[in-house]
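Here are my notes for your first look through this fold. Keep the viewer open and click along as you read.

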Amino acid sequence: MTQKKVFRVPFRIPMRDGVTLAADRYTLDPSRTTPQPVVLQRTCYDRNWPSYVDAATALAREGYAAVVVETRGRNDSEGEWRAHASEAVDGYDTIEWLAAQPFSDGRVGTLGGSYSGWVQLAAESTRPPSLATMIVTSSHLQLMQAYGRDRDFRMPRALTWLHQMSHRNMRPIDDVDWEEVLRRQPLEAAGDDLGEVAALWREWMGDPALRASDPVHTGAEVRIDVPTLHISGWEDEPGQTDVYTRAVASGSPGQYLLVGPWDHPGTRNPQRVTRGRDHGDEAVVDMHAVYLAWFDRWLRGDGEAVGDDHRAAVFIGGRSQWAAYPQWPAAGEIVELRLGEDGGLSAERDLPLELVHDPADPVAAHRTLEYSDIAAANSLLALDRHPHVLALTGDVQEEPLLVSGVVEVEIEAEADGTRDWCVWLADVDEAGIPVRVSANGSRIVHDGARSTATVALGPVAHEFAPGHRLRLYLGGSNFPIWDVLGWHDRESGSAAPSAALVHGVTARLAIDRAPLRVRPDQAPLGWTRS
């Protein structure tokens with residue numbers, strides 16, 4: 001079957017301060033005057049990237065005015081780019097300008113992932129009247145805390161992204177020895193040899209308010225006033241699920257969630273195999289069909305309302321199937337595992353356990369800075385080999401155990417001063433290979449007395465099969481994902497390993513005994529076109 005020819009029409013969009021942004025409109029007929037719904041993608045990268053072009057082409061073939069815009073100061077757009085700084089106002093201006101054009105029927109939907117997801121949230125916060133709906137993928141609210149908002153680890157991986165973005169056009173990152181750069185201390189100085197990025201990096205690192213706060217969403221509450229589909233991946237950053245859960249908690253209407261077994265690029269282009277793990281045919285979802293069905297419903301009003309009773313679809317790791325929930329995380333049974341006799345967790349030594357943090361030998365589960373490897377669900381054997389990691393292992397499963405929801409770990413310990421508590425949850429198979437399920441950490445100030453450190457691993461959806469075991473790893477660092485405490489002192493010659501005494505560990509797991517199965521031809525939530 002011959003596909004309809006799609007034309008690309010370049011034009012410019014004026015902002016309120018006179019700056020114009022480079023844009024392309026994808027259409028079946030450049031001379032068309034009949035109004036259509038608009039679907040907008042905004043990017044700080046390159047509007048010619050295949051992911052943007054392919055999505056816009058698919059939408060144009062189905063009768064949408066698909067527009068791709070480069071943000072201020074990027075590539076062919078005028079002005080100066082400062083990460084996040086102008087995206088809210090420019091987003092408002094872009095949406096309202098497009099809604100007023102002859103090719104538009106006045107209703108605008110937005111689409112995009114990563115930074116292109118964040119710019120949607122920024123624009124929506126200004127409440128543009130013509131914005132009708134959003135599909136936000138693999139985004140976050142707080143760049144510096146994209147790997148967990150409950151601690152201030154000053155994510156050093158952000159430096160690699162700023163380096164890429166330090167020119168008007170993206171620059172490569174493989175010309176830099178990143179491990180050496182990120183070992184420079186203090187962390188504020190890590191960018192000093194990287195040219196244009198140095199001043200901005202010092203600004204980010206030196207301003208706690210800038211690190212901890214989003215320029216748009218400054219509080220814990222996230223209110224979204226338009227129907228939004230949040231798309232994320234278990235092997236990607238957890239930021240998008242955080243946006244979704246906070247929006248639902250604030251009473252935002254029309255919030256939907258889709259989480260697959262994908263890494264960062266896989267959330268736009270799902271693959272069966274991710275990081276060497278085969279998740280089966282159900283992992284492959286036609287995202288263009290999802291986009292079309294979503295916009296058909298919210299921009300044209302002719303989409304099926306299938307799935308309204310179950311607005312969250314999540315892929316169950318270990319089982320390789322989809323399950324549906326009214327919202328996520330679901331309220332379910334809580335099971336506790338405790339370290340000690342008959343508690344369900346055991347260690348190789350008796351309590352109390354000594355956990356050492358050595359700045360000269362940081363824990364590194366994955367020595368990589370690539371997005372698609374940051375949260376990789378591959379082997380955690382490196383943790384088994386590290387001398388300063390505690391491994392706490394559960395009993396062999398006699399029947400399937402589906403952990404579906406929040407996982408929280410409490411550590412009762414004696415420590416002095418500031419300490420990082422890094423926790424990994426792993427699925428250990430019959431051969432003894434530990435596979436990552438989730439990870440997070442907390443930075444806590446201790447006074448030497450026995451106290452409790454709490455680490456929220458965040459929602460997970462994973463089934464531990466019969467014959468497998470659950471394992472928790474505890475460490476004092478996670479390089480290069482987070483900065484390492486004590487590096488600055490190490491450079492000055494005064495660093496020394498420090499130890500904490502662990503007196504107890506309790507893991508609280510949300511368990512689902514009977515998940516609602518979603519058929520593959522309905523995934524996700526029946527939003528695919530008939």
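1. Let's begin with how space is counted. On a 1 Å grid over the protein atoms alone, a pocket is an open set of points with protein on both sides within 12 Å along at least five of seven lines, while a cavity is a set of points where a 1.4 Å probe fits but cannot get out; lining residues have an atom within 4 Å of a point. Grid points are joined across faces, edges and corners, and a volume is the space filled by probe spheres set on the points.

2. Some ground rules. This is a predicted model, where local features need pLDDT of at least 70 and side-chain atom pairs count only at pLDDT 80 or more, though totals for chains, interfaces and linings use all residues. Residues are numbered from 1 along each chain as its sequence is written, and side-chain values use heavy atoms, with hydrogens and water left out.

3. Now the second largest pocket. Its space comes to about 650 Å³. There are 30 residues in the lining, and those nearest the centre are Trp49, Ser51, His264, Pro265 and Arg268. Two or more lining residues come from each of H1, strand E5 (104-113), helix H4 (157-164) and helix H9 (287-300); helices (H or I, at least four residues) and strands (E, at least two) are DSSP runs, numbered from the N terminus. H1 gives the most, with 4 residues.

4. What classes of residue line that pocket? The lining has 15 nonpolar, 10 polar and 5 charged residues. Here Ala, Val, Leu, Ile, Met, Phe, Trp, Tyr, Cys and Pro count as nonpolar, Asp, Glu, Lys and Arg as charged, and the others, Gly among them, as polar.

5. On to the cavities. The search gives 2 cavities of 30 Å³ or more. The second largest cavity holds about 40 Å³ of space. Around this cavity sit Leu40, Gln41, Arg42, Ile95, Thr110, Leu111, Val119, Gln120 and Ala123. At least two lining residues come from each of E3, E5 and H3. By class, the lining of the second largest cavity has 5 nonpolar, 3 polar and 1 charged.

6. Why do we call helix H3 enclosed? Helix H3 (residues 115-124) is largely enclosed by the rest of the structure because 10 of its 10 residues are buried, where buried means under 20% relative accessible area, exposed over 50%, and partly exposed in between (1.4 Å probe, protein chains only). Among these buried residues of H3 are Trp118, Val119, Gln120 and Ala123.

7. Have a look at the charged pairs next. Across the whole structure there are 25 salt bridges, each a side-chain nitrogen of Lys or Arg within 4 Å of a carboxyl oxygen of Asp or Glu. Asp17 and Arg72 make one, with their closest N and O atoms 2.8 Å apart. These partners are 55 residues apart: Asp17 is in the loop between strand E1 (7-14) and strand E2 (20-27), and Arg72 in the loop between strand E4 (65-70) and helix H2 (87-99).

8. Arg42 and Glu87 are both buried. Elsewhere, salt bridges that share partners join Arg8, Asp24, Arg47, Glu70 and Asp76 into one network.

9. Finally, Arg74. It lies in the loop between E4 and H2 and counts as buried, at 1% relative accessibility. Arg74 and Met170 are 96 residues apart in sequence, yet 8.7 Å apart in space, C-alpha to C-alpha.
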